[in-house]
Amino acid sequence: MRYLPHTKEDIETMLKVAGVSSIDDLFLSIPDDLKTKDGIDIPEGLSEWELDTHMEELASANIASKNYKYFIGAGSYDHYIPAIIPYLISRSEFMTAYTPYQPEVSQGTLQGIYEFQTMITQLLGMDVATASHYDCGTALAEAALIALKKNKKSNKIAVSALTHPSHRQIIQTYISPSGYEIVEIPYTKEGLTDINALKDMDDIAGIAIQSPNFFGNIEDLKTFKVVADEKKILFITSFTEALAYGLLKNPGSFGADLVAGEGQSLGISKSFGGPGLGLLAGTKKQMRNLPGRYIGKTKDANGKEGFVLTLATREQHIKREKASSNICSNNGLNAMVAAMYLATVGKIGIREIAQQNHDKAMYLKKTLEKAGFESVFDTPFFNEFILKAPAGFKQKRIGLIKNKYIFAGICLDPFYPELKGHYLFCATETVSKNDIDQLAKEVQ
Amino acid sequence: MKEMSDLNLPADVKYTKDHEWAKLSGDIVTIGINDYAQDQLGEVVFVELPEIGDTFSQGDEFGSVESVKAVSEIYIPISGEIVEINEGLEDAPELVNTDCYNDGWLIKVKPENTSEMDNLMDKPAYLDMLKG
Amino acid sequence: MIQQPGTSGLVLNEALLWDKSRDGRCAISLPKQDVDRATLDDSLTGDIPDLPQLSELDVVRHYTRLSQWNFGVDTGMYPLGSCTMKYNPKTNEVQAARKGFAEAHPLAGDEFSQGSLKLMYNLERYLAELTGFEAVTLQPAAGAHGELTGMLMMHAYFAKKGKQRSKIIIPDTAHGTNPASAALCGFEPINVKSGPDGILDPETIAAVMDEDTAGIMVTNPNTLGLFESNIKKIADIVHSKGGLVYGDGANMNAIMGIVKPGEIGIDVLHLNLHKTFSTPHGGGGPGSGPVAVGKRLEPFLPVPRVVKELDSYKFITDCPETIGKIHTFYGHFGIMVRAYAYILSMGAKGLLDTSRLAVLSANYIKESLKGTLNLPYDRPCMHECVFNDEIQQKNHITTVDMAKRLLDYGFHPPTIYFPLVVHGAFMVEPTESESKEDIDQFIDAVKAIAKEAKEDPEKLRKAPFLTKVTRLDEVTAARKPCLKG
């Protein structure tokens, strides 16, 4: 097998040095009754060529193997990925390197992630950003735990009902063993989190609001900050579409203490939902409370500038059971991709692409409304919005997927049963005016 | 690491088994970590201190001292209320290494019961403990 | 002496992105505007983020140069104990990049995602078969995440029994994520010492196991590279008091096809796809930490679960006792594709050979270097062996000095200062990927360094010399953190 270089001669020599006559002898420390009797029931190894055939067949059983137009988001977005990104990230010095614990031979990863941290703080208007987490949901759960642990009086965290349903579930899973609870903040008929309901909540340790929210609407984060300050609790914001902050006022400008986000839109393919990129940022005050890795700038013994993992005493390998989180790895390679993407789009690109996302979504909404969809909210949105579908759309939608290579909206029923027949639509820079006009024609 | 004979252990302070020192002056007790502790830890990068007004019982954990690769919890030698913390350590944590008994002090406490100082070790007793 | 890989060479400096930035440059091809501009209200519009402005070549050169400062498995031997830095097959990258996988939207619907679902179903089956368990979840995004999942399931199990437990036994050889994960679920770690032979003694466990203890977290083989031969007895002791045994499967590379953790008393086990199953480390991630369980803990697995009905596959969420969700969608699918491709490429015999050769190589190194470096546990090891700097300390040379000097020789150092039970630990895991020639070069390099430790210790203390930067000031980095530019 081409991944196993040992020849017969190699094995003979190594056995001799190891002082045994066969490899079996090296397993004598394992009692016989613990050794498996059955062997492994896994098929015989495939050649590279058989593997290609098998995997091509599997991949083709996903309709994404064809060219589709995606008018869906809900936490996973279709964006253009420039050719240089897969090209650069496939460099094996990035891909096959380990965590940069030996900084002298890891300056590439270290400078790359330092630049990532910097650009994320610029995007979000925050003081510090970690070297990344698994996804927005887990980053948000970590932020919730920070707020809960800091506040000695309450064991409840207020989370908007318009935070991504999966994220709310993750927070619930993470916090329940410690006896903490979520209090859901309901939403208004404007499709926004109900600030008045929040004002009435007394016994809460923190507030978490997603903006743009799951419906795509832009929350008035300023008002939530006021409430958080009055109650003297942490204000956490989150987002699933990172490109929104190429256009919208960033969470830092609203005084967010902690920001959790999803960075998949920054050059990372959808890949059936993972791996994505969890972002976590905070104010200077929160720096030592954030879990996860940090890269810091320093000098070497000769005075040369360099980068190194720092503030490691927060982490599990030092604090062990006293660590605030158990996180070990980050999504390092994807953080590099995001950095490459941000460097590639730059100041000019990020604004233009974000603006185009908004333009397309506005045009899509108008066009679908003309085609018989009903407007639901009159609230500003970024690149996602809700519409009520005309009768018969459910069937039409399946037909569009099967025959027209179009994914038109995600049905809200499973997430918000009170909104039957409502669909969450998304338009990014990847759909053209023609595509939108074509969709409208199909659904009329 | 220093040899035991090189350790700087003033005679006019009391010591704990966790290598803190405490000095009663008037009705305030000043507390820090001693030369053995700072030497073992290596270069201090950060000190986590409680807030003014916090209260502790003798032996409670009241903070931690961090080097690059280790964290050491610190335990309060005497019960009482925190009346002052050494804010200078935020910008210059290295003071704990260079001047642990003076500029490197950690907290000042208003003791609940000054007789608790009798439970602490004097220099000879502390040295015995180290040697043993 | 064998010629060593490390040599000098020209490497280029590269500025920070914002220092290269010039107003007006843009490296992306901007899509053409074909609908009207829709201006968002001023009150909602933010300032443009002050990202750098670069040309396409600026970006390409930037990252090309950065990559040249890095050392990866493709560059040279990376004998990091407990990390299993094996070769990352390139065909796996081809498979993960297939359009049908890379562009799959997680909410496309079961009917339209049969490829992904079938892959996940099959991967679950293979991992279950390999580990001797009934059911698997692929949702955890990393090993530590898998540990948390396991702890959450144990917590849910005791909650269902009506009596929660507050403690869990953790051996002194455990990885830091073990106690951290346990603490997150409200289990207080009870630390126990391994015996003088480096493995756990059933009596030590019996002394602390009671009905308020959730169980034990064991790594087997343990982080000293030794097989915990008393595991069955230990599992019995834990089970007799109603507890559960959590297995940290990070060291699975030593026992594939030889031992199935599910058959030796383990109740729940996590695996690291980025270790045993060849997916790339990526400079720190993404990884994937599937969890395998027996029937007892199956009801608590995260949702959704993949099921097969006749010839098609679907997700189900109707699992009333599930712990819920730990990832927004289904886990790191892209990593699953790579691990799946690896398992298919190796087959049963290939996986068994992998473990056998990994163990052979580790023992070869152990015997070759004992005497040069101190070997605290002089017994046959599994896939990794632990030395320390006891011999070199006589010349005031420490493990880190030797590690830094190894960089000049062209090797990534082994894992240092872990496990904590060995003072000055130097843990070597060659994996099955390294050829005998590369291993011999490594052995030679370590011997040369040991010689330098005696004859020219100052050289080691100042090492490395050939890398882009030498030892960095981690103290200032921690005292005055500069986390952004």
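What distance separates the centres of domain 1 of chain A and domain 2 of chain A, taken over C-alpha atoms? In this predicted model, for which local features need pLDDT of at least 70, side-chain atom pairs count only at pLDDT 80 or more, and totals for chains, interfaces and linings use all residues, the centres of the two domains of chain A are separated by 27 Å. Residues are numbered from 1 along each chain as its sequence is written, while chains are lettered from A and ligands numbered from 1 in the order in which they are written.

The domain assignment gives domain 1 of chain A as 63-81 + 347-443 and domain 2 of chain A as 84-341, the bounds coming from an automatic or database domain assignment. The contact between them takes 26 residues from domain 1 and 27 residues from domain 2, where two residues are in contact if their C-beta atoms, placed from the backbone, lie within 7 Å. On the side of domain 1 that touches domain 2, the elements giving two or more residues are H11 and S12 of chain A, and the largest share, seven residues, comes from H11(A). Helices (H or I, at least four residues) and strands (E, at least two) are DSSP runs, numbered from the N terminus. The residues on this side of domain 1 divide into 14 nonpolar, nine polar and three charged; Ala, Val, Leu, Ile, Met, Phe, Trp, Tyr, Cys and Pro count as nonpolar, Asp, Glu, Lys and Arg as charged, and the others, Gly among them, as polar.

Four strands of chain A form an open antiparallel sheet in the order S11-S12-S15-S14, with strand S11 (374-375) and strand S14 (410-411) at the edges, each pairing on one side only. Two strands pair if DSSP finds at least two bridges between them, and two bridges join S14(A) to strand S15 (residues 422-426) of chain A, with A:Tyr423 as the bridge partner of A:Cys411.

Strand S7 (residues 258-262) of chain A pairs with S8(A) in the antiparallel sense over five bridges, and A:Val259 stands opposite A:Ala281.
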